[in-house]
Each structure stands twice: as structure tokens, then as C-alpha cells.
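Colleague: I would like to go through this model with you, one feature at a time. Please show it.

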Amino acid sequence: MNNALFRVPAKQYVMLKNLKSVTSRCMASKVDDVVTHTGQKWDSDDYRMVRFMNSPKQVNKNWAVKLIAQVPPKQVTARVVWCDGGSGAEGHPRVYINLDKPGNHSCGYCGLRFVKVDH
């Protein structure tokens with residue numbers, strides 16, 4: 001029998017019976033991982049999957065890249081346009097986009113697309 005005495009702050013002694021130092025990890029239920037927007041996916045026996053044993057991994061299916069692709073390109077007549085991503089603090093620094101070449105041109109910050117149309 002492995003007994004240990006420990007001194008507690010109140011100057012009392014506590015006897016702990018059958019003290020065992022055991023560290024174990026149980027992964028009885030193997031769970032398949034869901035791919036995140038960054039492409040992160042772990043094997044079912046990876047140690048990082050332990051945190052998802054009691055509840056499933058929450059992954060947002062609405063990735064920003066997919067959402068911005070649903071927004072149609074904004075048609076403009078000017079050769080140069082600017083984008084600030086919204087109003088004030090909700091947006092990003094203002095960038096100027098040259099539309100001389102044909103096709104869609106996207107903002108480097110938010111991904112909004114612009115296309116030049118002839119009048």
C-alpha cells in the first residue's frame with residue numbers, strides 16, 4: 001500500500017491512501033475530423049482530437065471565400081476605382097484598383113470584384 005503524508009497550510013496532516021501517479025489518455029471513441037477553412041484536418045488517433053471527445057468540432061460551413069464569390073462584380077465606367085471595404089472602422093484601408101485590362105479585378109483586402117463596362 002502506497003501511503004503519503006502531505007502538510008496542508010493549517011498545519012494539519014492528511015493521509016492519502018493508495019496514491020498513484022497515473023497519467024492516461026482515453027480515446028475510446030474515434031472521431032473523424034472535419035476540414036476547417038484553413039485546410040486543417042487531423043487523423044482520428046491524433047492527440048489534438050482529445051478536446052473533441054465530449055462534443056463535436058464546430059466548423060463554420062460559410063467560408064469567406066465562398067461568400068464573397070456569391071457577390072456579383074460591381075460594374076463601373078471609370079478606369080480607376082477605390083475600395084475601402086465598407087464605412088469607417090468596419091472596412092479596410094482604401095486601395096485603388098486599375099481596371100484598364102479586361103475582366104474582373106478584385107480588392108486585395110476584401111475580395112470585392114470590379115469590372116469596367118463601356119457606356
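Colleague: How many bridges join β3 to β7?

Modeller: Before that, this is a predicted model, in which local features need pLDDT of at least 70 and side-chain atom pairs count only at pLDDT 80 or more, while totals for chains, interfaces and linings use all residues. Residues are numbered from 1 along each chain as its sequence is written, and side-chain values use heavy atoms, with hydrogens and water left out. Helices (H or I, at least four residues) and strands (E, at least two) are DSSP runs, numbered from the N terminus, and two strands pair if DSSP finds at least two bridges between them. β3 and β7 run parallel, and the number of bridges joining them is 3.

Colleague: In β7, which residue is the bridge partner of H105?

Modeller: S106 has R113 as its bridge partner in β7. K74 stands opposite a residue of β7 too, namely F114. For H105, the bridge partner in β7 is F114.

Colleague: Which residue takes a positive phi in the hairpin of β6 and β7?

Modeller: The hairpin has 6 residues between the strands. The phi in question is near 85 degrees, and the residue is G111.

Colleague: Which strands each supply at least two residues of the lining of the largest pocket?

Modeller: A pocket is, on a 1 Å grid over the protein atoms alone, an open set of points where a 1.4 Å probe fits, with protein on both sides within 12 Å along at least five of seven lines; lining residues have an atom within 4 Å of a point. The largest pocket is lined by 13 residues, and K74, W82, C83, L112 and F114 lie nearest its centre. Its volume is about 150 Å³, taken as the space filled by probe spheres set on the points, with grid points joined across faces, edges and corners. The strands are β3 (74–76), β4 (80–83) and β7 (113–116).

Colleague: Is W82 buried or partly exposed?

Modeller: W82 lies in strand β4 and touches R94, V95, Y96 and F114, not counting residues up to four places away in sequence; contact means heavy atoms within 4.5 Å. Buried means under 20% relative accessible area, exposed over 50%, and partly exposed in between (1.4 Å probe, protein chains only). Because its relative accessible area is 42%, W82 is partly exposed.

Colleague: Why does T38 count as exposed?

Modeller: T38 is in the loop between β2 (13–16) and α1 (64–69). The C-alpha atoms of T38 and W63, 25 residues apart along the chain, are separated by 9.7 Å. T38 counts as exposed because its relative accessibility is 58%.

Colleague: How much of the chain over residues 79–114 is strand?

Modeller: UniProt lists this range, in an unreviewed entry, as "domain: Zinc finger CHCC-type"; its positions follow the numbering used here, feature names are shortened, and annotations may be inferred rather than shown by experiment. Over the range, the end C-alpha atoms are 11 Å apart.
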